[in-house]
Amino acid sequence: MKPVVALVGRANVGKSTLFNRITGSRDAIVADFPGLTRDRHYGDARLGDREFIVVDTGGFEPDKPTGVVAQMARQTRQAVAEADVVVFVTDIRGGLTAQDHDIARFLRTQDKRVVLAVNKAEGMAGSPLLAEFHELGIGEPHPVSAAHGQGVRSLLEAALEGLPDASLDAVQPAAAGAEGVGDATRPIRLAVAGRPNVGKSTLINAWLGEERLVAFDQPGTTRDAISVPLERDGRRFELIDTAGLRRKGRVFEAVEKFSVVKTLQAIADAHVVLLLIDATQGVGEQDAHVAGYIVESGRAVVVAINKWDAVDAYQREMLERSLAMRLPFLRFAPVLHISALKRQGLGPVWKALLQAHAAATTKMPTPVLTRLLQAAVQHQAPRRAGRFRPKMRYAHQGGMNPPIVVIHGNALEHVTPAYRRYLEGRFREHFQLQGTPLRIEFRSGRNPFDDKEA
C-alpha cells in the first residue's frame, strides 16, 4: 500500500499550490482566494523511487458548527483519519493565528505523526519569524516555498521517514501483467456534469455510501473537478464530480472561470458523462449548453433527471416535452428518473452507463459496415445533385469513443444532411449504439480527369 500524506491547514496558506508542486500537476485550482478548495483531492506523487498519495483539503476550521465550512471540516477530519502522516501547512507571512492553534490542538489529539510546514518562506530560511511556530507544539518547523519549490524535497523526506516503501509492490503487478490485460482493467472514467446545485455531489456520495464530497444547498459548492475511485460488480470506475456550468454571461469570478475550464477538461477526458438535470427547475439553456459540449466532445452520455420525486404528474409531463424540444440532439441518450437524496433509481443508471460505454467502444467490422451501407443504398439511394449522384463503395470504422464510420466513394460531398441521418439510424439500429454519438465521415475518390486539359 502506498503511504498517504494529508495536507491540512487554514484557508489560503498554499495547500493546493503545495499539492500541485508535490504531484507535478495542475490538478488543484489555485488562486489568491480563501476557501477555494472544499473537497478532498487525491493525487499520486513520487520522491525518488518512493511512491505515495497526497491529499489536498479545504481550509480547516475545527470548531465551526454549521454551514459549508462545517462540511469542509468534516472532509478534513476524514483525510486526517485516512493519512499515515499529516503535513500541517502554515503561512510565515500571515504569521501565527488563533486558528493555527486550534488546528494544532486538534491534530495533537489524533494520534498521527505531524510535520509542520511553514509556507511562503522564500528567502526566509534563517528568519527569526520561524521561531514563533514552535508555540504550536508540533515539532520543528520546515520553511518551504510551494510556489518556487524551495524546501519541498526536505519536507517530503521528513514526512516519509519511517513509512513503509511501497515502490516495489507497485512495480511488480505492472511487470507481470500483459498489455491487453492492463487495457481491460483500466478504470472507466465517469464524469457527472450539469448546472449548479442539481445534486451531482449528492449522487456521488450516494454511490459511495459516504459523505465523500461536500454537498450543500448552495450553488457553486463544488469548485474543482474531484476524482474518486470506485469498484462495483468487479468493474473499476473513476468518478469525477464537476463544478456546475453556468452560461458565459453569468461567470463573473476568475475562480469560477477556472472551475469551468476544469469541468470542460473533465468532460473531454471522460469515457462516459452522466448529464444531471433538476426536475424542479426543468430543462434550461444551461442544460442545453452542457449537453452541446458533451456531444461536441464526442462523449458517451446518459441523462438522469434528479429530484423526480419532488414534482407532480403535470410537471413531469412538461419536463418530458421540454426535454424533447431543447435537447433534440440527445435522442440517442437514455433518459432515467432518479432521486439522489433518497437513493432511488440508481441501479438502472449504472446499467445504462455500462451500455453507453460498451456502445462507444464497440468494434464494427468492415465487411459488416459495407453490407449495411449497400443495403441502405439499395433501400433508399441518395438524392441526385445536378449531374451527380453520390456513389458509395465501402465503409470502415475510423475510431472509437465516439464511433466513427468512414464511407468511401465518389461525389460524396453532395450527400445531404438528411441522408447522413438516415445512414446513422441504420448503423445505430444494427450495432445497438445507444448512449453514444456516432460520426460519419465521407471521403470521395480523386477524379483522374481533373488534371486533364480540355
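User: Which side chain makes a polar contact with the side chain of H408?

Analyst: The side chain of H396 does, at 3.0 Å. Keep in mind that this is a predicted model. H408 sits in strand 14, which spans residues 404–410.

User: Is H408 buried or exposed?

Analyst: Start with the cut-off: buried means under 20% relative accessible area. H408 has 18%, so it counts as buried.

User: Which residues does H408 touch, leaving out those up to four places away in sequence?

Analyst: The list is K391, M392, R393, Y394, H396 and R443. H396, the polar partner, is among them.

User: Let me step back to the whole protein. How many helices and strands does it have?

Analyst: There are 13 helices and 15 strands. The protein has 454 residues, and 50% of them count as buried. Its accessible surface comes to about 22300 Å². Carbon and sulfur atoms account for 50% of that surface.

User: What share of the contacts between residues at least 6 apart in sequence joins residues at least 24 apart?

Analyst: The share is 71%. Take V8 as a case, in strand 1 (residues 4–8). V8 and R77 are 69 residues apart in sequence, yet their C-alpha atoms are 9.4 Å apart in space.

User: What is the relative accessible area of V8?

Analyst: The value is 0%, so V8 is buried. Beyond residues up to four places away in sequence, V8 touches K15, T57, F60, T76, V80, V86, V87, F88, V89 and I103.

User: Now helix packing. How are two packed helices described?

Analyst: By two values: the angle between the axes and the distance between the axes.

User: Which residues meet where helix 7 packs on helix 11?

Analyst: Helix 7 brings L203, A206 and W207. Helix 11 brings L346, V349, W350 and L353. By class, the contact has seven nonpolar residues, no polar and no charged.

User: Why do residues three or four places apart in an α-helix point the same way?

Analyst: An α-helix has 3.6 residues a turn, so residues with that spacing point the same way. Look at the contact again: helix 7 uses L203, A206 and W207.

User: At what angle do helix 1 and helix 4 cross?

Analyst: At roughly 85 degrees, and their axes come within 11 Å. That makes helix 1 roughly perpendicular to helix 4. L18, R21 and I22 in helix 1 meet V152, L155 and L156 in helix 4. This contact divides into five nonpolar residues, no polar and one charged.

User: Which residues of helix 4 are buried?

Analyst: In helix 4 (residues 152–160), the buried residues are V152, L155, L156, A158, A159 and L160. V152, L155 and L156 also meet helix 1. Helix 4 is followed by G162, whose phi is positive, near 85 degrees.

User: What is the phi of N401?

Analyst: Positive again, about 50 degrees, and N401 is not a glycine. N401 is in the loop between strand 13 and strand 14. N401 is buried, with a relative accessible area of 14%.

User: Is the peptide bond from N401 to P402 cis or trans?

Analyst: It is cis, with omega near 5 degrees. P402 also lies in the loop between strand 13 (391–399) and strand 14.

User: One last site. What does the side chain of D287 reach?

Analyst: The backbone nitrogen of G284, at 2.9 Å. D287 lies in helix 9 (residues 285–297). D287 is buried, with a relative accessible area of 0%. Leaving out residues up to four places away in sequence, D287 touches R195, L276, I277, G282 and L327.

Methods:
Residues are numbered from 1 along each chain as its sequence is written. This is a predicted model: local features need pLDDT of at least 70, side-chain atom pairs count only at pLDDT 80 or more; totals for chains, interfaces and linings use all residues. Side-chain values use heavy atoms; hydrogens and water are left out. Helices (H or I, at least four residues) and strands (E, at least two) are DSSP runs, numbered from the N terminus. Buried means under 20% relative accessible area, exposed over 50%, partly exposed in between (1.4 Å probe, protein chains only). A polar contact is a pair of N or O atoms within 3.5 Å; within protein, one must be able to donate a hydrogen and the other to accept it, and residues adjacent in sequence count only if both atoms are side-chain atoms. Contact means heavy atoms within 4.5 Å. Ala, Val, Leu, Ile, Met, Phe, Trp, Tyr, Cys and Pro count as nonpolar, Asp, Glu, Lys and Arg as charged, and the others, Gly among them, as polar. Accessible areas come from the Shrake-Rupley method with a 1.4 Å probe; for residues, only the protein chains shown count as cover. Axes are lines fitted to C-alpha atoms, for helices over the stretch in contact, and angles run from 0 to 180 degrees between N-to-C directions. Angles under 35 degrees count as roughly parallel, over 145 as roughly antiparallel, 65 to 115 as roughly perpendicular and the rest as oblique.
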